[in-house]
Amino acid sequence: MRVCVIGTGYVGLVTGACLAHIGHHVICVDNNEEKIKLMKSGQSPIYEPGLSEIMQGASHSGNLEFTSDLAAGVAHGEILFIAVGTPALPNGESDTRYVEAVARGIGSHLNGGYKVIVNKSTVPIGSGDWVRMIVLDGVAERQTSLVAAGGIAGGEVTAESGTQFDVVSNPEFLREGSAIYDTFNPDRIVLGSTSHRAIAMMQELYAPIVERQFAEDKSLPPVPMLVTDISSAEMVKYAANAFLATKISFINEVANICDRVGADVTQVAKGIGLDSRIGSKFLQAGIGWGGSCFPKDVSALIHTADDYGYEAQLLKAAVSVNDRQRLISLEKLQQELKILKGKTIGLLGLTFKPDTDDLRDAPALNLIEQLNRLGAKVKAYDPIISQTGMRHGLSGVIVETDPERLADSCDALVLVTDWEQFRKLDYAKMAKLMNNPVMIDGRNFLDRETLLSAGFRFLGIGR
């Protein structure tokens, strides 16, 4: 099928590359010329394991192209994905300016033929009808300009030909660091629309994935496909992320109680996770959730509820617990070192989770800010940030190039991101380089006995 993906951020680029990989002809559109040039060379502007290889293979086969020409993308695609960012505004509401601009641009370039316009961006509930309205506004604006220029010539947009489209909500459920795997091995595919024609085209688009042709385990039954109305599909995305965020806040609340009563939250989590009604996933206590999705989506759902006269008390509590949890390692540092002014603290990891270069709303940023406020010197080592030099959003921290340099002259280390390679560092060597070998394991990730035998004073979360 012919596909156009507008926006080559995290969701757009992964979606476009993977759809091209399974055999569709995809044109990815972005208004950043430098980014287009980079992607045409086969390089990915974001770090995601396996993405560059998928891009290069699909480009070599001719299935994946990149352009800044929106008109060319709209003309090419039977299915047009809107995959631009919807960052949170200060009040928690989603900023939909980019979605609006793209929808209007699509409308201004529609030129006959039926199109399916897909909301892949995480948009506020009710955006399906709004996007349709904006597209129609774009169609009308183009008609007006054509009439003003001397009439609508043959083959140009008319009221009949220019409005042959349907809007579908198709939320993404990709995890940064495993987005390629998630695309080819999804738990479910959600499609929101009342148009049978649009749903049939989306089912055709995803058929290779539904049939597990590119799955890790091809013997599994077909991927469940849920077809709903647009508003329900939009709500599925918000509800899923809000539930997972709340589950993390719950186990962090339990961890803080465990700290006070002498229980071990890792054992508690194992015990309750064996209950099939609860499950073990997202029961890892630590220093809280962050990233580009959970904070934004939970805030947006709270804001939507407020708009409709309902106070989402449980979600607000989950956010409150998370805000406090981000500073739990700071409390432990103060308990161990007392005064932090003049002390040197080293952070193992900066990104909000492993296998990504994403610093958006990362707990490390809160920790850096508070340590600076208290007069500590802050150093950090991150496997991606340290090597790539991607220091955007970082201030008040010295980014070291290896773990030993990080440990040198530190009064304590805090494990912030659970990168797999952190399990195998030479902690005995690092302990000898430190002024005071203290390790705060902010993710309950490291082996306590290994650290103790290396000479560290070791503290976890809720342990």
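A pocket is an open set of grid points with protein on both sides within 12 Å along at least five of seven lines. In this predicted model, the second largest pocket has a volume of about 1200 Å³. Its lining is made up of 47 residues, and those that lie nearest the centre of the pocket are Gly9, Val84, Gly85, Thr86 and Arg360. The elements that contribute two or more residues to this lining are α1 (10-21), α5 (97-109) and α11 (294-307). When the lining of the second largest pocket is divided by class, 21 residues are nonpolar, 16 are polar and ten are charged.

The volume of the largest cavity is about 60 Å³, and the residues that line it are Asn119, Lys120, Ser121, Thr122, Val123, Ser169, Pro171, Glu172, Ala233, Glu234, Lys237 and Tyr238. Helix α9, which spans residues 230-261, gives the most to this lining, with four residues. By class, the lining of the largest cavity divides into four nonpolar, four polar and four charged residues.

Strands of a sheet pair through backbone hydrogen bonds, in either a parallel or an antiparallel sense. In the present model, an open sheet of six strands runs in the order β11-β10-β9-β12-β13-β14, and its pairing is parallel. The strands at its edges, β11 (398-399) and β14 (457-459), each pair on one side only. Within the sheet, β12 and β13 (residues 438-441) pair in the parallel sense over three bridges, and Ile440 in β13 is the bridge partner of Val414.

Helix α14 (residues 363-373) has as its buried residues Pro363, Ala364, Leu367, Ile368, Gln370 and Leu371. These buried residues are covered by elements that include α13 (328-337) together with the strands β9 (344-348), β10 (377-381) and β12 (412-415). After α14 comes Gly375, a residue whose phi is positive, near 90 degrees.

Finally, the cysteines were considered. A disulfide is a covalent bond between the sulfur atoms of two cysteines, and a search of the whole structure finds zero disulfides. Cys258 has a relative accessible area of 5% and is therefore buried, since the cut-off for a buried residue is under 20%. Cys410, with a relative accessible area of 0%, is buried by the same cut-off.

Conventions: Residues are numbered from 1 along each chain as its sequence is written. This is a predicted model: local features need pLDDT of at least 70, side-chain atom pairs count only at pLDDT 80 or more; totals for chains, interfaces and linings use all residues. Side-chain values use heavy atoms; hydrogens and water are left out. Buried means under 20% relative accessible area, exposed over 50%, partly exposed in between (1.4 Å probe, protein chains only). Contact means heavy atoms within 4.5 Å. On a 1 Å grid over the protein atoms alone, a cavity is a set of points where a 1.4 Å probe fits but cannot get out, and a pocket is an open set with protein on both sides within 12 Å along at least five of seven lines; lining residues have an atom within 4 Å of a point. Grid points are joined across faces, edges and corners, and a volume is the space filled by probe spheres set on the points. Ala, Val, Leu, Ile, Met, Phe, Trp, Tyr, Cys and Pro count as nonpolar, Asp, Glu, Lys and Arg as charged, and the others, Gly among them, as polar. A disulfide is a pair of cysteine sulfur atoms within 2.5 Å. Two strands pair if DSSP finds at least two bridges between them.
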